[in-house]
Amino acid sequence: MYDITKVREDFPILQRKIYNRPLVYLDNGATTQKPRQVVEAMVDEYYNVNANVHRGVHFLSQQATDLHEASRETVRRFIHARSASEILFTRGTTESINLLAFSFGEAFVHEGDEILVSTMEHHSNIVPWQMMCQRKGARLKVIPISDDGLLDMEAYAQLLSEQTRLVCCTHVSNVLGTVNPVADIIRLAHQRGIPVLIDGAQSVPHMPIDVQALDCDFFAFSGHKVYGPTGVGVLYGKETWLEQLPPYQGGGEMIKTVRFEKTTYNDLPYKFEAGTPDYVATHGLAVAIDYVTALGMDNILAHEQQLTRYATQQLQQIDNMRIFGPTDHHDAVISFLVGHIHPLDLGTLLDRLGIAVRTGHHCAEPLMHRLGIEGTVRASFALYNTTAEVDALVASIRRVQQMF
Ligand code: PLP
């Protein structure tokens, strides 16, 4: 059912040698590698279809538009949104959150209001809210976490107040792999009529997503983390909310009529999509989604869970190994430190052995601060990783340890 050898053949980069050793790519939380199908579809579009979308009556423009809009429908189906007009194309999770911070802030946030984020957010789900709070005289409130990296749900319930305008929380931590109880988070917020944004950057590549079942009001993710191209991402928003928000950027596409006296705005989703979209990337994203859908998100989840469990067990055998985050409620990310070896040194030496991991604060400085550390080494898994690669990681860490 899940033929890993065949899957790996779809990813040419996995055949590369680094310093004369087979590449072991364990930096999938930062970005995933691309299957042939995605790259070839994009090359084909540039060679055979390319024309600007929406504005042309000619054949190529119609064809490019059809591909672009079919991609929106593919995304809708993938995350189970009600309508394609609830799918906004952006440059990635970061732009999706900035869009929402600006537009939601303009429409709904006033002096003294509060925005809730969690301690384990990526900078892109903190800084846009800080900037908006500064502009609006609002306050950022932070949901604490336990020592083992779980959200403090009691503290969360107490933080929700008359002043809370929005809750912003990551589905899966990019550092700890914690899978947050987002359904509970949303339910508690909704009991008080407060909308919720879920940052899905680290969940979409690893598990089936149903935004209607979750009942989240907004959901953001990046194409490049789910085997698609860079430069494209998605903001999902419930139509009832999006209708009430002002546009983020002005320009072509997002208008109905323009007069010097007054401009009227386009319907959803185009109201939020000023300028020429990256229509080749949206097509690439749709092909990536078709790719993972054909493999089956449940199969991908099962494969990665098995791999993460195995990796955790093997890493725990290493002397002076310190793994951060919860042991259950865990996704395909493992952050660790080994003895007193600086994460940068460990990462650099692992690289020399062909193993690509990420080191540092992982764009989550407040979380590092909470854990009382400067950074970690992070191994993050994808659908093409193998237990042999985990063994290579473990053996290489042991080798580095001996050098020290
Ligand atoms: N949110 C989380 C949880 C992430 O892991 C990342 C990227 O690492 C982002 C947001 C930002 O994504 P992007 O850089 O693609 O906009």
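**Group meeting: a sheet and a ligand site**

The model is predicted, with local features requiring pLDDT of at least 70 and side-chain atom pairs pLDDT 80 or more, while totals for chains, interfaces and linings use all residues. Residues are numbered from 1 along each chain as its sequence is written, and side-chain values use heavy atoms, without hydrogens and water.

Strand 17, residues 376-380, pairs with strand 14, residues 333-338, in the antiparallel sense over four bridges. Strands here are DSSP runs of E, at least two residues long, numbered from the N terminus, and pairing requires at least two DSSP bridges. Both belong to an open, antiparallel sheet of four strands, ordered 13-14-17-16. Strand 13 (321-324) and strand 16 (358-360) each have a single partner strand, so one side of each is left without a neighbour in the sheet. From one strand to the next, the twist averages 30°, taken between N-to-C directions of lines fitted to C-alpha atoms, on a scale from 0 to 180 degrees.

I turn now to the ligand. Among the residues around the ligand are Thr93, His122, Asp199, His224 and Lys225, each with a heavy atom within 4 Å of the ligand. As for polar contacts (pairs of N or O atoms within 3.5 Å), a ligand nitrogen is 2.5 Å from an N or O atom in the side chain of Asp199. A ligand oxygen lies 2.7 Å from a polar side-chain atom of His224. The protein covers 85% of the 400 Å² of accessible area that the ligand has on its own, by the Shrake-Rupley method with a 1.4 Å probe.

Technical notes. Polar contact = N/O pair within 3.5 Å; in protein donor to acceptor, adjacent residues only side chain to side chain.
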